[in-house]
Amino acid sequence: MVQSAVKGMWEPMAVKKKRRDLTPFFFILPFMVFFVVFILIPLVHGLILSFQEWSLLGEPIFVGLENYIELLSIRRFKAAVENTLKFAVQSVPLLLIVPLLLALLLNKKFVGQRLAQNAIISPFLIPSSSVLLLWIWMLDTQTGMINQAFKALGLPNQAWLSRQGSAMGVIVFVTLWWTAGYNIILYLSSLQDLPQDLYEAASVDGANGWDQFWHITLPLLRNRMLFITTLQIIASFKLFDQVYILTGGGPAGSTRTLAFYLYETGFRDFMFGRAAAVSWYMFIMIAIFGLLQAKLLTRWLGEGV
Amino acid sequence: MAGIRERRKRVFLSIFGLLLGLIWFFPILWMFFSSLQPNSELLIYPPRIIPRVLTSENYRTVLFSGRGVNVGRSFLLSVFYATCVTLVVLATATPAAFAFARMKFRGRDIIFWLIVATLILPVQMFIVPVYLLLDRLRLLNTIWAIILPPIGPAFGVFLLRQFMLTIPDELEDAAKIDGCSPLRFLVQIVVPLMRPPLVSLAILTFLGVWNDLLWPMLVITDSKLLPLQPALTRLRGEYHGTFEAGTIMAGAFVAAIPVLIIFALASQYIVRAISTSGVSR
């Protein structure tokens, strides 16, 4: 498909066939320099590093698969994998469904729709440090807005971020509030593309709103939902800012994610080889989950059609 | 009858939608209102949502004095970093996308798909090796450590190429017959046609640099070069112990306001960028 769409005009002329036309290379050269230096070389270097033992002192030593094997027996690493999965299991369904419901509401015409839409969408653009400092303030044990509201209702104050039972839940909640807007935009653009005549035909046939949603809207949104699930799974594996600012991985390591563990390993303990191995584990897990969820979700949603 | 029911439904939707919007947006309003109150006022129960005493003191502290953290300076630095990256990304991605979309050369498709394949790799895979690379080049703690690496990712090339494939061949033929060089065709005809995706790419790139926390935090330790996001986390370190929430919120709001303004002015570009590409965060 792509092949046929590409029709180059400026091919070397038949007459000058021997002299290679260098124009395309000049066009891609500036970008390729950056791509090679900051993507390709680091990618290869990262792979090599993952087979080496190296802290800033001394020379790197080749250790084969030792980093990978060692990691499997490190408790913190295993806990980090577990916490990352926990976050994914909690956040992916929420970020798939809540934005869908909000998009269905915002897809309706009503006075103030625009205002409501902007109010709900805009937080996702705000930088993480702003958003997270705001939530630290909102959730403050003594004077935070949420505990003040609890107090007004006669409920006890909660140390939201320093209790093992609630810290991860708070991170999920804040992430939902913060990033829902992004998925709402994705849903709204799909909803606006849905063929209206299908709904008209369904109404004529006496299908109510629920039937229409279940039998027309949902199946047509299938690809969008798959796409969002993939995005959210990748995002879960990258979870860092929330942990770094809200909890620092605590309490008792209960919110230490893979990305945060990588940061600690590489830039606090300066074990670059091990950190590189962590990043390759991340890649492997993302790849496996990506394939797995695509298969499962396709089958599951496939039945509805 | 149906008209009345329909109208009632609309009114209900309006009330529900606006109320939900208000609740959702409330934390951001609270960030703003907190920043306008003296720190002592914020410790009072019940909290005052509408400030009793208004003060600009928090903003003055954050922008001009700040204990070792100069948010005003970091703000300007962030504008500078984000603008530089955006300009270079546009300047490098546009001709590359053009070559991949409209020119024929050996290895084109292999190179292009190799580039696109790297888009699925998580950013964490590059942090350690790029850090070490910059260390070896003695670029850590310089502006280059922030400006250069974000130019490498292929997102811009991928996005622009998809749009450039849609330019009709007739336009190219006509240009060629008129003796127009590829470079002139790109600059005078393609770029004006590509304005929407170029604007989208510019906004996404700018926001990406503006919002980044981890990378600048790793490569910049000199507070004179520190961009806004890591500066804010330092600000928290300075003011959290004494719990000056108003001051921290003033810093947070300073970082949020440009983004909210960009959204207000260019929301359709942001929405289009996200819905056509779907890859940014």
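# A guided tour of chains A and B

Select Phe270(A) to begin: this residue is partly exposed, because 13 other C-beta atoms lie within 10 Å, a count between the 12 or fewer of an exposed residue and the 20 or more of a buried one. The model in the viewer is a predicted one. Phe270(A) sits in the loop between α13 and α14 (272-302) of chain A. Its phi is positive, about 55°, although Phe270(A) is not a glycine. Most residues other than glycine have a negative phi, and most peptide bonds are trans.

**The cis peptide bond in chain A**

Next, select Gly250(A) and Pro251(A). The peptide bond that leads from Gly250(A) to Pro251(A) is cis, and its omega is near -10°. Pro251(A) belongs to the loop between α12 (241-247) and α13 (258-267) of chain A.

Now select residues 75-106 of chain A, which form helix α4, together with residues 164-193 of chain A, which form helix α8. The two axes come within 7 Å and cross at roughly 45°. The helices α4(A) and α8(A) are therefore oblique to each other, and their crossing is right-handed. By class, the contact of α4(A) with α8(A) has 18 nonpolar, 5 polar and 1 charged residues. To display the contact, show the side chains of residues on the α4(A) side, among them Phe87(A), Leu94(A), Val98(A) and Leu102(A). On the α8(A) side, the residues include Met168(A), Ile171(A), Leu176(A) and Tyr187(A).

**Chain B as a whole**

Hide chain A for a moment and look at chain B. How many helices and strands does chain B have? Chain B has 13 helices and 0 strands. Its C-alpha atoms fill a box of roughly 75 × 75 × 30 Å, taken along the principal axes. The radius of gyration of chain B is 24 Å, well over the 19 Å that the globule rule gives for 281 residues, so chain B is more spread out than a compact globule. Of its 281 residues, 44% count as buried. Among the contacts in chain B with a separation of 6 or more, 75% join residues 24 or more positions apart.

Select Arg138(B), in the loop between α5 and α6 (144-147) of chain B. Is this residue buried or exposed? Arg138(B) counts as exposed, because it has 9 C-beta neighbours inside 10 Å. Its phi is near 55°, a positive value in a residue other than glycine.

**Where the two chains meet**

Bring chain A back into view. The contact between the chains takes 82 residues from chain B and 74 residues from chain A. Several helices of chain B each supply at least two residues of the side that touches chain A, including α1 (2-35), α3 (71-102), α5 (124-136) and α13 (245-277). Of these, α1(B) gives the most, with 15 residues. The residues on this side of chain B divide into 60 nonpolar, 14 polar and 8 charged.

Finish at Met125(B), which is found in helix α5 of chain B. Met125(B) counts as buried, because it has 24 C-beta neighbours inside 10 Å. Which residues does Met125(B) touch, not counting residues up to four places away in sequence? They are Leu43(A), Gly46(A), Ser279(A) and Phe283(A).

Note on methods: Residues are numbered from 1 along each chain as its sequence is written. Chains are lettered from A and ligands numbered from 1 in the order in which they are written. This is a predicted model: local features need pLDDT of at least 70, side-chain atom pairs count only at pLDDT 80 or more; totals for chains, interfaces and linings use all residues. Axes are lines fitted to C-alpha atoms, for helices over the stretch in contact, and angles run from 0 to 180 degrees between N-to-C directions. Helices (H or I, at least four residues) and strands (E, at least two) are DSSP runs, numbered from the N terminus. Angles under 35 degrees count as roughly parallel, over 145 as roughly antiparallel, 65 to 115 as roughly perpendicular and the rest as oblique. A crossing is left-handed if the near helix is turned anticlockwise from the far one by less than a right angle, and right-handed if clockwise. Two residues are in contact if their C-beta atoms, placed from the backbone, lie within 7 Å. Ala, Val, Leu, Ile, Met, Phe, Trp, Tyr, Cys and Pro count as nonpolar, Asp, Glu, Lys and Arg as charged, and the others, Gly among them, as polar. The radius of gyration is taken over C-alpha atoms; the globule rule is 2.2 Å times the number of residues to the power 0.38.
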